[in-house]
Amino acid sequence: MMEKERHVLVIFPHPDDEAFGVSGTIATYIEMGVPVTYACLTLGEMGRNLGNPPFANRETLPAIRKKELQASADAMGLTDLRMMGLRDKTVEFEDDEKMVKLVADLIDELNPSLVISFYPGLSVHPDHDATGRAVVEAIRRMAESERPKLYTIAFDNKTVEQIGHPDVHHDVSGVTEKKLGAMNAHASQTVWMMEDMQKRLDAQDPDALKWLKTEHFYTYSFK
Amino acid sequence: MELVQRDQLQSLIDSFAGKDVYIHLETTNGSYAAHFQEGFFNAGAFIRNIVVNYELGKVAGDSPHRIGLKLPSGWIYAQGITHYELDEHGRLLMAGLGPDGKLAVSLEISETPFTY
Ligand SMILES: [Zn+2]
């Protein structure tokens with residue numbers, strides 16, 4: 001059972017970051033009546049998947065991914081989607097204080113009891129790590145008694161060696177259609193992966209079913 | 001974008017010569033390259049909305065092509081260009097797409113600034 005939250009704030013840098021490992025959690029909170037805000041920092045402008053023959057170019061990709069992001073939000077039932085206007089692959093080069101303020105302003109406005117983001121240093125993409133760093137720093141600066149919980153995603157190859165296994169496990173088996181809806185909404189990024197995934201799900205592959213029905217997080221410790 | 005037709009691309013590149021133009025140039029292996037292949041040396045570069053005025057531009061080689069722009073005191077080139085289009089804003093967009101459909105290089109030329 002997932003705990004009821006006052007408000008959940010999800011912060012990721014790319015459209016589709018929410019889909020793979022968090023969309024079930026988002027959809028479940030929304031079904032529980034918990035307000036969820038998703039702040040997506042960029043539109044994945046520098047995505048490499050353009051197809052061959054191409055379905056998009058460098059300049060048309062952002063509008064496509066913006067539509068996909070909105071469709072993913074719709075699939076999850078999410079109504080408070082914020083697009084923060086940064087550019088893909090530049091997040092780590094923004095002023096650090098500006099990034100902390102961006103997160104702090106969202107927390108001030110929404111007063112979330114739970115924030116979900118990436119684990120800094122173990123999230124592979126520089127934008128992921130930079131986002132996680134800003135989130136951690138914004139929350140660290142709060143009085144301990146005021147801090148929301150922070151659940152993080154980590155998937156660097158060194159993750160288990162460095163921080164072990166996730167401690168939070170969400171059963172999202174009630175929203176599998178919505179999760180698949182979010183995944184499929186990001187077609188420009190996921191269509192190849194989902195072809196394979198659908199085959200594995202149809203064959204009742206245990207790992208694929210586990211992916212579909214459970215989501216895992218590391219509680220970030222500020223100690 | 002279409003596969004490069006060398007003569008057509010050459011005449012499009014000629015049409016921007018001698019004008020102040022905005023450049024987007026990018027090379028990339030993707031941010032996940034070293035994640036999927038341990039030890040991969042990941043390198044790339046990106047500039048956007050830099051204004052130049054080139055005196056000569058050339059399409060060289062067979063596909064994937066090389067594109068070189070000679071500046072009054074410098075150079076720009078891109079290697080691996082496979083696709084191009086003149087978009088509805090009159091911008092010349094060129095890209096090198098691998099067989100997997102992933103962009104590896106992109107060179108774009110426009111008389112108006114690209115978005116952010
Ligand atoms: Zn991402």
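Student: How much space lies in the second largest pocket?

Tutor: This is a predicted model, so local features need pLDDT of at least 70 and side-chain atom pairs 80 or more, while totals for chains, interfaces and linings use all residues; side-chain values use heavy atoms, without hydrogens and water. Residues are numbered from 1 along each chain, with chains lettered from A and ligands numbered from 1 as written. A pocket is an open set of points on a 1 Å grid where a 1.4 Å probe fits, with protein on both sides within 12 Å along at least five of seven lines. Its volume is the space filled by probe spheres on points joined across faces, edges and corners, here about 470 Å³.

Student: Which residues lie closest to the centre of the second largest pocket?

Tutor: Its lining has 24 residues, each with an atom within 4 Å of a point. The closest to the centre are A:K89, A:P126, B:G30, B:S31 and B:N42.

Student: What volume has the largest pocket?

Tutor: The largest pocket is lined by 42 residues. A:F20, A:F155, A:M193, B:Y32 and B:F36 lie nearest its centre. Its volume is about 1400 Å³.

Student: Are A:H14 and A:H128 buried or exposed?

Tutor: Buried means under 20% relative accessible area, exposed over 50%, and partly exposed in between (1.4 Å probe, protein chains only). Both A:H14 and A:H128 are buried.
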